[in-house]
Amino acid sequence: MAGLLMICSVAFAQTETSIYRPGVTPEGAVYFLPKTVLRFVVRVEKTTYEPGDFCRYAQRYLRLAGVSDQPSVSYKLVGLDMTTFGEADKSKGYAVKFNAKTSACNIALADDGTLLAVNAAPRRPEAPKPFKPAPKPAPVNPRQFLSEEVLAAGSTAKMAELTAQDIYDIRDSKNYLNRGEADYMPKDGEQLRIMLANLDRQDRALTQLFTGTTVRDTTEYVLTVCPQPGMERQVLFRLSQKLGLVDADDLSGEPYYISVADESSLPEPSPESEGGKKKKDKEDGIYVNIPGKISVTIYKGANELDTFSTPAAQYGYTELLSGELFNKRYTTHLTLNPATGAIDKLDAEQPK
């Protein structure tokens, strides 16, 4: 009789898990397995050009060809990266009943109810790093380097001619310093460095009056896509050279497409798994994902731009971890990948 009671207590001490149905919440915890979502980080560079005051005389006095006298703004793609994260798959929800005779009582869930760990510290999803643009140098007003003679000139053409002569004088001074032929040579290398830096600054500032100024700003956009079978050359985003990133249905932008190919070579799931035909409505244990593998290709028009490979939960199937792992004979630690719901780590402490 005592032996029979012991066998019965072990049999009923297993962790009971059932398919979660909306409105039915048995005493315990309801968890979801994740589906994999693609996160694309798109970096777009904006280039703003402002013509200089003497842009029309750049060819005549500085022999600079192709200098435009019209302001312009243009955009171009400078970076595209992909990462993944998980979100709750509402079609894979389960309810686990807590039992004092089991060890599967310490369950860690994400904010959306995704299962992260059992009897273990969860692996939290990594937050994307915020974009930090490179610091810009302080703008320089070239007019502060104009000589009194230039400012007193009676026409723009004359001002351009005198400014060009000052630029050539500055460049001659730099050449004399570099050759050691200047009338007043610096006493040491540090003084020489400072003098050359000041001359370079004046040269760039005055030359901007002819060439104009070009300012570049990089903006980061984050796009998310949940891949599904049959996703072939769908518009991911559009980029206009004049307007930047525009809506996917805005034909003013050039389309960038996404295609997803299933590269899974997984074996057929067992009959007791989620994909099997004989799966019962109730099982003992914890469900986990067996993710498949996908290839994600980005196209710019008809040309292939980049390809990424990653595991994806919705291209695989689910498998049941037996409730025997979570009875009182063991203390099982389970950690799941937050992006795929696959097993990251599984170990059990054997009784002493």
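Author: Let me start with the cut-off: a residue is called buried when its relative accessible area is under 20%, and exposed when that area is over 50%. Please keep in mind throughout that this is a predicted model. Tyr-31 has 0% relative accessibility, so by that cut-off Tyr-31 counts as buried.

Reader: And is Tyr-94 buried or exposed?

Author: Tyr-94 counts as buried, because its relative accessibility is 1%.

Reader: How many aromatic pairs are there?

Author: The count comes to six aromatic pairs. In one of them, the rings of Tyr-31 and Tyr-94 have centres 5.6 Å apart and planes at 35°, so that pair is classed as tilted. Tyr-31 belongs to strand S2 (residues 28-50) and Tyr-94 to strand S3 (residues 72-97), which means that the pair ties together parts 63 residues apart in sequence. Together with Tyr-287, these two tyrosines form one aromatic cluster.

Reader: Switching topic, which residues have the most contacts inside the largest nonpolar core?

Author: That core has 22 residues, and those with the most contacts inside it are Phe-40, Leu-236, Ile-258, Val-296 and Ile-298. At least two residues each come from S2, S3, strand S6 (213-225), strand S7 (234-240), strand S9 (254-262), strand S10 (282-300) and strand S11 (303-322). S2 gives the most, with four residues.

Reader: What is Phe-40 in contact with?

Author: Setting aside neighbours within four places in sequence, the contacts of Phe-40 include Leu-80, Met-82, Tyr-221, Leu-223, Leu-236, Ile-258, Val-296, Ile-298 and Phe-308, and Asp-81 is also among them. There is also a second, separate core of 21 residues, which includes Leu-162, Leu-196, Leu-199 and Phe-210.

Reader: Leu-162 is in helix H4, I think, so which residues of H4 are buried?

Author: The buried residues in H4 are Met-159, Ala-160, Leu-162, Thr-163, Ala-164, Ile-167, Ile-170, Lys-174 and Leu-177. In an α-helix there are 3.6 residues a turn, so residues three or four places apart point the same way. What covers the buried residues of H4 includes helix H2 (58-62), helix H3 (148-151) and helix H5 (189-211).

Reader: What span should H4 have, and how far apart are its end C-alpha atoms?

Author: H4 (residues 156-179) has 24 residues, so at 1.5 Å a residue it should span 34 Å, and its end C-alpha atoms are 35 Å apart, which agrees. Just after H4, Gly-180 takes a positive phi of about 75°.

Reader: Which residue other than glycine has a positive phi near 50°?

Author: That is Arg-233, whose phi is near 50°, and which lies in the loop between S6 and S7. Its relative accessible area is 35%, so Arg-233 is partly exposed. The charged end of Arg-233 sits over the ring of Tyr-257, 4.5 Å from its centre, and Arg-233 also lies over the face of Tyr-299, at 4.8 Å from that ring centre. Arg-63 is another non-glycine residue with a positive phi, of about 55°, and it lies in the loop between H2 and S3.

Conventions:
Residues are numbered from 1 along each chain as its sequence is written. This is a predicted model: local features need pLDDT of at least 70, side-chain atom pairs count only at pLDDT 80 or more; totals for chains, interfaces and linings use all residues. Side-chain values use heavy atoms; hydrogens and water are left out. Rings of Phe, Tyr and Trp (its six-membered ring) pair if their centres lie within 6.5 Å; planes under 30 degrees apart count as stacked, over 60 as edge-to-face and the rest as tilted. Buried means under 20% relative accessible area, exposed over 50%, partly exposed in between (1.4 Å probe, protein chains only). A charge sits over a ring if NZ of Lys or CZ of Arg is within 6 Å of the ring centre and within 35 degrees of the ring normal. A nonpolar core is a set of buried Ala, Val, Leu, Ile, Met, Phe, Trp, Tyr and Cys residues joined through side-chain atoms within 4.5 Å. Contact means heavy atoms within 4.5 Å. The expected span of a helix is 1.5 Å times one less than its number of residues.
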